[in-house]
Amino acid sequence: MVCYLSKYNYISEREYVIDYLVRLGYLKNPLVIKALKTVPREEFIPEHLRRYAYVDQPLPIGYGQTISAIHMVAIMTEELDPKPGNKVLEIGTGSGYQAAVLAEIVAKSDPEKKGFVYTIERISELAEFARRNLSRTGYDKYVKVIVGDGTLGYPDEAPYDRIIVTAGAPDVPKPLIEQLSIGGRMVIPVGDKFLQRLLVLDKKESKIDKRWGIECVFVPLVGEYGWKE
Ligand code: SAM
């Protein structure tokens, strides 16, 4: 059976699920709410699964990886607190959806402030999938997808105002702390391979403030400063 959802249906489903997350208290920041209502999640999901785009759960994107559940993107983006004009580094591009949500906030909402998103993916086929999704939706102007080990960061463009890691780490990779600007914030799931907790780090002049958030389950961050394969 072919299941056909029109553009209109996707928009109303998107509005519905985001309003629901607002009612639950997950979403408060108007910039984040607007971005989640604007970016078409269905365009970042493999075609045969698109009808599930607004079911609030992770979905497979191939190569054993997933696009995170909508509430997880909502919570992480709220915790990251990105501002227009920020330079952002994401580790774990996956489908490119989280990068597009960040680009909507830091760049597209106020292009004059020249915000930008750098995102690193270790699986080259997924990086290519994300590039296609970002280009189809017009976010490629504000996002650069890099293939590599994101636990090493991306020193070429450091320091970053915001760093978000969307895979589960055993600990905070040292290069990412070094590449975060003073006054910058990082959000990263830290724990074992099966269960993590979101960690929010605020880098100050002479110290780093740490705050633990909710429990979560991410695919492992694999790399030199992450899990070994
Ligand atoms: N943010 C993604 C999205 O919006 O679709 C979802 C990310 S998925 C949960 C985690 C991704 O992190 C996977 O695509 C995985 O290949 C990637 N990954 C794991 N370790 C990595 C590393 N060291 N460097 C870059 N990417 C990594």
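Around the ligand there are 28 residues, and those that come nearest are Gly 92, Ser 95, Glu 121, Gly 150 and Val 222; a residue counts as near if one of its heavy atoms lies within 4 Å of the molecule. The model is a predicted one, in which local features need pLDDT of at least 70, side-chain atom pairs count only at pLDDT 80 or more, and totals for chains, interfaces and linings use all residues. Residues are numbered from 1 along each chain as its sequence is written, and side-chain values use heavy atoms, with hydrogens and water left out.

Let me turn to the polar contacts, that is, pairs of N or O atoms within 3.5 Å. The side chain of Glu 90 has an N or O atom 3.0 Å from a nitrogen atom of the ligand. A polar side-chain atom of Thr 166 is 3.1 Å from a nitrogen atom of the ligand. Gln 98 takes part through its backbone, where an N or O atom lies 3.0 Å from an oxygen atom of the ligand. On its own the ligand has 600 Å² of accessible area, and the protein covers 99% of this, by the Shrake-Rupley method with a 1.4 Å probe.

Which elements give two or more residues to the shell around the ligand? They are strand S2 (65–67), strand S3 (87–91), helix H4 (97–108) and strand S4 (116–121). Here helices (H or I, at least four residues) and strands (E, at least two) are DSSP runs, numbered from the N terminus. S2 gives the most, with three residues.

I now move to the aromatic side chains. The whole structure holds five aromatic pairs, meaning rings of Phe, Tyr and Trp (its six-membered ring) with centres within 6.5 Å. In the pair of Tyr 118 and Tyr 160, the ring centres are 6.2 Å apart and the planes are at 65 degrees, so the pair is edge-to-face, the term for planes over 60 degrees apart. Because Tyr 118 lies in strand S4 and Tyr 160 in strand S6 (residues 160–165), this pair ties together parts that are 42 residues apart in sequence.

Finally, two points concern the backbone. The peptide bond from Ala 158 to Pro 159 is cis, with omega near 5 degrees, and Pro 159 is in the loop between strand S5 (143–147) and S6. Tyr 63, in the loop between strand S1 (59–62) and S2, has a positive phi, near 60 degrees, in a residue other than glycine.

Notes:
Polar contact = N/O pair within 3.5 Å; in protein donor to acceptor, adjacent residues only side chain to side chain. Phe/Tyr/Trp six-rings, centres within 6.5 Å; stacked < 30°, edge-to-face > 60°.
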